[in-house]
Amino acid sequence: MQHDTDIAMVQMRANCARDLPWFVGSTVGAGKEFVIVAGGPSLRTRLDAVKKRQKDGACVFACNGAARLLIEHGINPDIIGYVDVSPAVAGFIPEADCGALYMVASIVSPSVLDALQTRKVVLWHADRGNGCKAETDILKAYPDKPQALIGGGNTIAMRAQNIGYLLGFREIHYYGLDSSIAEDGADHAYTKHDGVEPDSVKVKFGNKEYRCSLWMVKQAGEFEFYYRQMTKAGVKLFIHGDGMIPDIWKRIRANQVLAA
């Protein structure tokens, strides 16, 4: 998520004026699995696992371009989510309406909502932290609408677990949350419409070295905090795949077992 508060607030003000429902939570997920599908390269070999979980009753939440990939492989996401302020987000929207609910952050480019006019959309408000006064001032103009600011990390993948929690889910499974570039050079499980990732950096965790874009490094740095936050709230959270975040998760889990 870009940290340009001025752009975000201009877009939030315009989007809040639309006649759209706002998300504050529900209990629809009680007793069910929530599957968050990000776009990391390891998703390419785990699409069947996502399909099976959905067949068994899980709710599938697709992040950004992962939605298109799922649909291409016969998996219609239940929810598709966006949070970034860039107009490039509109390029992630599937061409055909697969019947998914679009959960769109109010800070996105209005062009995204323009492109979704004929689809089922719910706005949610991303807590930008540090007591963002401009954000709360915008919401004060709508006293009759139920409101909630949803926290989380820098990407839709990190925010999605909080959305899942507010939907009532207490078991969350991630796919494609690699936060690193695959050995074959792939930065995503799909070809990004807005071009390849910018120059990568090398990052070391444990005895292993990873290549990552800077946003991937940031996301991986946020992961442990939000993982512990979720588990303290009673959520069982699992990371399936290869890459830096799956390896961080395995290390945390191993340390928890040793400490038990």
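Asp247 is buried, at a relative accessible area of 18%, where buried means under 20%, exposed over 50% and partly exposed in between (1.4 Å probe, protein chains only). The model is predicted, so local features need pLDDT of at least 70 and side-chain atom pairs count only at pLDDT 80 or more, while totals for chains, interfaces and linings use all residues. Residues are numbered from 1 along each chain as its sequence is written, and side-chain values use heavy atoms, leaving out hydrogens and water.

**Around Asp247**
- Asp247 sits in helix α8 (residues 244-259); helices (H or I, at least four residues) and strands (E, at least two) are DSSP runs, numbered from the N terminus.
- Apart from neighbours within four places in sequence, Asp247 is in contact (heavy atoms within 4.5 Å) with Phe205, Lys208 and Tyr210.

- Helix α5 (residues 133-140) has Glu135, Ile138 and Leu139 buried.
- These residues lie on the same side of α5, because they cover an arc of only 95 degrees around the axis, taken from the directions from the helix axis to the C-beta atoms.
- The buried residues of α5 pack against α1 (5-16), β5 (121-126) and β6 (149-150).
- On the face turned away from the buried side are the exposed Lys133 and Lys140.

**The largest nonpolar core**
- Such a core is a set of buried Ala, Val, Leu, Ile, Met, Phe, Trp, Tyr and Cys residues joined through side-chain atoms within 4.5 Å.
- Among its 85 residues, Phe61, Tyr82, Val104, Trp124 and Phe223 touch the most other members.
- Helix α7 (residues 214-232) supplies the largest share of this core, six residues.
- Not counting residues up to four places away in sequence, Phe223 touches Met158, Leu177, Leu237, Ile239, Ile245, Ile248, Trp249 and Ile252.
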